[in-house]
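Visitor: I am new to this structure. Please show it to me, and then let me ask about it.

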Amino acid sequence: MASLLSCKTTQDLPTVEKVDIEKYTGLWYEIARLPNSFEKGMECVTASYRQKSNGKIEVLNKGYLVEKGSYKTAKGTARVPDSKYPGRLKVTFFWPFSGNYYILSLDENYQHALVGDPSRKYLWVLARTKTLDAAIYDNLMSKAENNGFNIQEVMKVNQDCE
């Protein structure tokens, strides 16, 4: 029985019940993340979202590659595949491959968010400002840990590259 519960935990990941895409669009700063290969060595990472006329969302990720001393960008699109789950988006950077973008927590004023993936391999803390209040950050980390993420591996992102 314990192994069945473990399987459910790795698959099931609750998301927010409402997302106003119009309010979600704009610039977000990456405050922290679980390490991943596509952001290795990056600081000052941002994500910009813009709603397109076809209902999809344009995604522009940008980060400073310390080793190269230059910025790298990645352009993609996001969509909500099932309107019953507005917090579960699919993001595509390299067609036909897409990834999960699950909004696990979202401030009512759209000032900070916790985003992850059901595999628990990807996690991001995003904010509209370059810094986030410690109490808010701790609360988001608690939510992540309660949902099965290994928060000991979460790394804070330097946002002071200028």
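Visitor: How many salt bridges does the count come to?

Guide: This is a predicted model, where local features need pLDDT of at least 70, side-chain atom pairs count only at pLDDT 80 or more, and totals for chains, interfaces and linings use all residues. Residues are numbered from 1 along each chain as its sequence is written, and side-chain values use heavy atoms, with hydrogens and water left out. A salt bridge here is a side-chain nitrogen of Lys or Arg within 4 Å of a carboxyl oxygen of Asp or Glu. By that rule, the salt bridges number 3.

Visitor: Is R33 buried or exposed?

Guide: Buried means under 20% relative accessible area, exposed over 50%, and partly exposed in between (1.4 Å probe, protein chains only). R33 has 2% relative accessibility, so R33 is buried.

Visitor: Which two residues form a disulfide?

Guide: The term means a pair of cysteine sulfur atoms within 2.5 Å. A search of the whole structure finds 1. Its sulfur atoms are 2.0 Å apart, and its residues are C44 and C161.

Visitor: How far apart in sequence are the parts that this pair ties together?

Guide: Strands (E, at least two residues) and helices (H or I, at least four) are DSSP runs, numbered from the N terminus. C44 lies in strand β2, residues 42–51, while C161 is in the segment after β9, 155–156. The pair therefore ties together parts separated in sequence by 117 residues.

Visitor: Which handedness does the link of C44 and C161 have?

Guide: Look at the turn about the S-S bond. The angle there is 105°. The link of C44 and C161 is right-handed.

Visitor: What volume does the largest pocket have?

Guide: On a 1 Å grid over the protein atoms alone, a pocket is an open set of points where a 1.4 Å probe fits, with protein on both sides within 12 Å along at least five of seven lines. Grid points are joined across faces, edges and corners, and a volume is the space filled by probe spheres set on the points. For the largest pocket that comes to about 760 Å³.

Visitor: Which residues are the closest to its centre?

Guide: Lining residues have an atom within 4 Å of a point. There are 29 of them in the largest pocket. The elements that give two or more residues to the lining are β2, β3, β4, β5, β6 and β8. The closest to the centre are F38, N61, V91, F93 and W124.

Visitor: How many bridges join β5 to β6?

Guide: Two strands pair if DSSP finds at least two bridges between them. A hairpin joins β5 to β6 through 2 residues, and T92 has S98 in β6 as its bridge partner. The two strands run antiparallel, and the bridges that join them number 6.
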